[in-house]
Amino acid sequence: SELVALVRKEGAHMTGLRIFGVVLAMVGVAAAAFPNWFGPLTGGPEPPVDVFEAVERRVRGGMVLGVGLIFIAVTALRPWSVSIPSAIFYFMTGALAARVLGLILDGVVPKQWALVAVEAVFMTLAALWLWRSGLTH
């Protein structure tokens, strides 16, 4: 999609920020999948006290994934009408992916589904912002 078109447009050339984004995204995926391996990042070495906290630890890894996606996809800060909604969309993508992974692997907590809905709303609003700006095809 957008990332594939960007890679085709620029060829094999990757900026240092994009390489940093790829590394961050990989760390984020690993932290979301294995939060105990990343204790300082995901919430400490002790086991989570309940299912809600177990899912939240994965979400912290997903946020790192989202920041990595931002570095990969947002290549310029201006125009702000593109960079801001794109950053929101990619950050929420990482958090939402990790939250859903947590719900699948750790168990279901009703409050987590409310947070899924909130993140989905933010992603939808960011996507609509981009669409209204005429930046999607």
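Modeller: Axes are lines fitted to C-alpha atoms, and angles run from 0 to 180 degrees between N-to-C directions. The model here is predicted. In it, the axes of helix 2 (residues 16-33) and helix 4 come within 7 Å. They cross at roughly 165°.

Colleague: What are helix 2 and helix 4 called, roughly parallel or roughly antiparallel, and why?

Modeller: Angles over 145 degrees count as roughly antiparallel. Helix 2 and helix 4 cross at roughly 165°. Helix 2 and helix 4 are therefore roughly antiparallel to each other. The crossing of helix 2 with helix 4 is left-handed. Their contact is made of 15 nonpolar, five polar and two charged residues.

Colleague: Where do helix 5 and helix 6 lie in the chain, and at what angle do their axes cross?

Modeller: Helix 5 covers residues 80-105 and helix 6 covers residues 110-132. Their axes come within 9 Å, with a crossing of roughly 155°. The cut-off of 145 applies again. Helix 5 and helix 6 are therefore roughly antiparallel to each other. Helix 5 and helix 6 also make a left-handed crossing. By class, 18 nonpolar, four polar and two charged residues form their contact.

Colleague: How do you know that the length of helix 5 agrees with its number of residues?

Modeller: Helix 5 has 26 residues. At 1.5 Å a residue, they should span 38 Å. The end C-alpha atoms of helix 5 are 37 Å apart, which agrees. After helix 5 comes glycine 107, with a positive phi near 125°.

Colleague: Which residues of helix 5 are buried?

Modeller: Among them are Tyr90, Met92, Leu96, Arg99 and Leu103.

Colleague: Why is arginine 99 called buried?

Modeller: Buried means under 20% relative accessible area. Arginine 99 has 3% relative accessibility, so arginine 99 counts as buried.

Colleague: What makes the contact of glutamate 56 with arginine 99 a salt bridge?

Modeller: For the side chains of glutamate 56 and arginine 99 it is 2.6 Å. Glutamate 56 sits in helix 4 (residues 51-73) and arginine 99 in helix 5, 43 residues apart. Glutamate 56 has 16% relative accessibility, so glutamate 56 counts as buried.

Colleague: Which parts does the pair of glutamate 119 and arginine 99 tie together?

Modeller: The closest N and O atoms of glutamate 119 and arginine 99 are 2.7 Å apart, in a salt bridge. Glutamate 119 lies in helix 6 and arginine 99 in helix 5, so the pair ties together parts that are 20 residues apart in sequence. At 7% relative accessibility, glutamate 119 counts as buried.

Colleague: How many salt bridges does the structure hold?

Modeller: Six. Salt bridges with shared partners join Glu46, Glu53, Arg57 and Arg60 into one network. One of the six is the pair of glutamate 53 and arginine 60, at 3.3 Å from N to O.

How values were computed:
Residues are numbered from 1 along each chain as its sequence is written. This is a predicted model: local features need pLDDT of at least 70, side-chain atom pairs count only at pLDDT 80 or more; totals for chains, interfaces and linings use all residues. Side-chain values use heavy atoms; hydrogens and water are left out. Helices (H or I, at least four residues) and strands (E, at least two) are DSSP runs, numbered from the N terminus. Angles under 35 degrees count as roughly parallel, over 145 as roughly antiparallel, 65 to 115 as roughly perpendicular and the rest as oblique. A crossing is left-handed if the near helix is turned anticlockwise from the far one by less than a right angle, and right-handed if clockwise. Ala, Val, Leu, Ile, Met, Phe, Trp, Tyr, Cys and Pro count as nonpolar, Asp, Glu, Lys and Arg as charged, and the others, Gly among them, as polar. A salt bridge is a side-chain nitrogen of Lys or Arg within 4 Å of a carboxyl oxygen of Asp or Glu. Buried means under 20% relative accessible area, exposed over 50%, partly exposed in between (1.4 Å probe, protein chains only). The expected span of a helix is 1.5 Å times one less than its number of residues.
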